[in-house]
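Here are a few friendly notes to read alongside the structure.

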Amino acid sequence: MDRIASLKRFLNPEKIAVIGASKSKNKVGGIVFRRLLDSRRRLFPVNPKETAIEGYKVSPDIQSLPKDIDLAIITISAAAAVKSVETCIEKGIPNYIIVAGGFGEVGSQGRALEEKLTRLAKENHVNILGPNSLGIFLPDENIDTIFVEHGDKSLDRKGRVACIVQSGSVGVEALGYASNTGYGMRAFVGLGNKCDLDEIDFLEYFARDEKTNCLGFYLENIERGRQFLTVAKEVAREKPVVVLKAGRTHTAASAVSSHTGKLAGSDNVISGALKQFGIQRVYDDEEFCDATKVLSMLSGALGNRVAVLTAAGGYGVMCTDFIEKKDMRAPLKMAKLSKDTQKRIKEATFPFTACENPVDITASADDRMFSQSLDALIEDDGVDIIICIAFFAPPGISENLIDIIADKIKKSDKPIIVFTKYGPFTDNRIKNLYTAGVVAYPSVGRAVRAARFLVERTKIKQRLDQKA
Amino acid sequence: MEKKLKRWFETLDNKEKPDEFDAKQLVKLYSIKVPKGKRLGPEDELNIDDIKPPYVVKVCSSTILHKTEFKGVLLNNDKECVQDNFKLMQDRFPKENILVENQSTYMGPEFIIGIIKDPALGHAVMVGAGGVLTEIYKDTAFRLAPCSVTDATDMIDELVLSPVFDNFRGMNLDKKKLAQTISQVSRLAHDLGDKLSQLDINPIVFSDGEWIALDVKVMFE
């Protein structure tokens with residue numbers, strides 16, 4: 001079967017066997033099994049030492065499983081895991097997640113086990129994720145096999161970012177934290193040691209997945225490098241591809257080898273190659289989440305002229321500095337507002353409003369003034385992106401401002417990015433904005449950087465369309 | 001191109017380590033300009049009537065990679081002193097060939113164009129601030145080979161040095177031609193394939209409306 005088609009069954013299985021499922025809530029096999037109880041799929045725990053878990057009858061061995069299992073999650077340790085995969089293959093099970101570590105990352109014995117898995121996958125045409133994989137999580141499908149805390153309750157449904165990560169903990173920690181301020185995840189895949197399934201398989205899968213509109217990767221080494229780049233370039237014609245590539249310096253590279261047992265290539269070459277193939281590179285997990293969030297929620301800006309609307313003079317000045325600063329990403333510039341725009345804003349606000357960009361409508365502004373000023377900026381042809389510095393402390397500003405901004409984003413093609421702070425309630429406010437459909441960040445620098453991601457994306461798209 | 005490359009290989013004395021003169025013949029196959037010059041053997045007399053002064057006299061050896069450190073380069077030789085300095089160089093390196101070239105005058109900064117082989121991604125082409133301080137400046141940009149002229153233009157734009165192309169202090173450097181050269185070098189790497197380990201064109205300078213490779217090193221596996 002076509003591998004990509006076969007991954008559909010992997011990521012949306014009907015019947016799941018958990019090898020090593022346990023009554024104990026502290027064991028991986030116990031946690032994974034309990035997570036799956038919410039999935040509304042048919043579950044088949046396997047463990048010779050147990051008879052029943054959470055009301056499910058436990059099979060003593062793999063042979064006793066029914067025939068048409070879609071996915072086996074192997075939660076037992078390395079050598080035993082390999083043996084059980086062999087038995088499962090005889091049983092005809094097509095898909096595997098291997099959670100255990102103790103393979104290529106720990107030395108020659110582990111490497112031999114991992115090579116055996118690679119061979120088993122190839123010879124029998126089955127899909128193996130891992131070993132050393134944190135699992136998969138697809139909120140829309142209620143599939144969650146991740147055995148560590150990861151903010152699942154706060155990650156939004158109908159998310160559109162597919163996150164494919166080599167190190168599971170980087171992924172879950174970053175996304176768990178991002179979920180505090182709202183993050184729309186379509187899927188999480190922990191690649192682990194990549195004995196069989198690797199980033200290219202999921203790149204191809206999520207490129208064709210209708211629910212995905214942005215792909216993000218955390219990678220330490222890129223398998224089949226040229227092929228990954230070539231496929232990613234094709235995908236980037238339609239959907240943004242973001243890569244966090246770690247293992248940059250010499251020391252970090254040796255850290256990589258102890259982590260997944262492999263060395264990473266030279267960083268300068270990678271940087272150049274990613275640019276060449278239309279992939280947007282990020283450098284840490286916060287930037288990863290910021291980039292994928294804005295790229296999945298807003299489409300690219302037509303140009304790089306930014307208008308800043310602010311209720312606080314100081315932040316307006318700071319924002320201007322960030323916009324005009326030279327940056328390795330796409331350059332931005334302050335938009336020159338038309339006379340008409342300036343007149344409209346003055347009429348809507350105060351005669352003394354500073355209407356050169358940044359537009360400072362002061363802390364005396366109210367919801368209506370914000371709304372009308374925003375309209376004027378949206379309708380100004382000299383503006384490509386709007387950064388809106390919104391505060392909720394001024395007496396004239398109410399919670400309604402969230403819906404006002406959300407409504408304008410829905411009606412206009414012009415990207416609007418919000419920077420807001422609200423003391424200890426900041427995260428919550430940003431999450432409310434997210435829920436309404438507004439991209440917001442808690443710092444000026446991050447809001448401006450998000451604008452750069454959009455402009456960078458536009459340039460990539462133009463370049464790829466040209467070459468087509 | 002395959003035929004030309006094959007012929008070039010056949011002319012090499014040392015198949016693993018081509019010297020500077022050989023390396024320059026190689027890049028010439030890809031329309032990259034090099035100074036007019038002659039490689040002369042340890043017993044040869046100086047015979048450079050067809051080359052214009054001033055001259056640069058260099059030791060030309062596949063084993064001496066850093067010529068300057070071994071006093072293997074003499075610059076600014078006019079017609080009068082070139083004979084003496086040629087003899088001096090032959091005495092200094094009695095077993096080696098000597099390369100005598102026209103010394104180009106040029107404007108603007110020195111650039112470097114190079115090729116390295118990345119263990120995971122294969123050949124990559126680099127452009128950067130060149131000259132002897134290139135490793136200190138670390139002002140470089142990379143792309144995988146082969147790369148298009150558009151990609152090469154992006155590389156130049158990434159350099160800290162890139163404003164020199166905006167008529168900086170009256171310098172009139174041809175960015176497009178440099179981008180074409182980068183793309184050609186990447187093509188060379190692609191054509192040579194796996195056996196090419198590294199290549200350095202350093203410096204490459206803008207002289208008389210052309211980018212000209214003043215020194216070229218090529219290393220095979």
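This is a predicted model: local features need pLDDT of at least 70, side-chain atom pairs count only at pLDDT 80 or more; totals for chains, interfaces and linings use all residues.

1. Now for the strands themselves. In chain B, four strands form an open sheet in the order β1-β4-β2-β3, and their pairing is antiparallel. The edges are taken by β1 (37–40) and β3 (73–77) of chain B; each has a single partner strand, so one side of each is left without a neighbour in the sheet. From one strand to the next, the twist averages 15°.

2. Strand β2 of chain B (residues 55–60) and strand β4 of chain B (residues 97–102) run antiparallel and are joined by six bridges. To find your bearings, pick B:Val56: its bridge partner in β4(B) is B:Glu101. As background, strands of a sheet pair through backbone hydrogen bonds, either parallel or antiparallel.

3. Stepping back, how is chain B divided? Domain 1 covers 2–32 + 106–220, while domain 2 covers 37–102. The C-alpha centres of these two domains of chain B lie 24 Å apart.

4. Last, have a look at where the two domains meet. Domain 1 of chain B gives seven residues to the contact, and domain 2 of chain B gives seven residues as well. On the side of domain 1 of chain B that touches domain 2 of chain B, you will find four charged residues, two nonpolar and one polar.

Technical notes: Residues are numbered from 1 along each chain as its sequence is written. Chains are lettered from A and ligands numbered from 1 in the order in which they are written. Two strands pair if DSSP finds at least two bridges between them. Helices (H or I, at least four residues) and strands (E, at least two) are DSSP runs, numbered from the N terminus. Axes are lines fitted to C-alpha atoms, for helices over the stretch in contact, and angles run from 0 to 180 degrees between N-to-C directions. Domain bounds come from an automatic or database domain assignment. Ala, Val, Leu, Ile, Met, Phe, Trp, Tyr, Cys and Pro count as nonpolar, Asp, Glu, Lys and Arg as charged, and the others, Gly among them, as polar.
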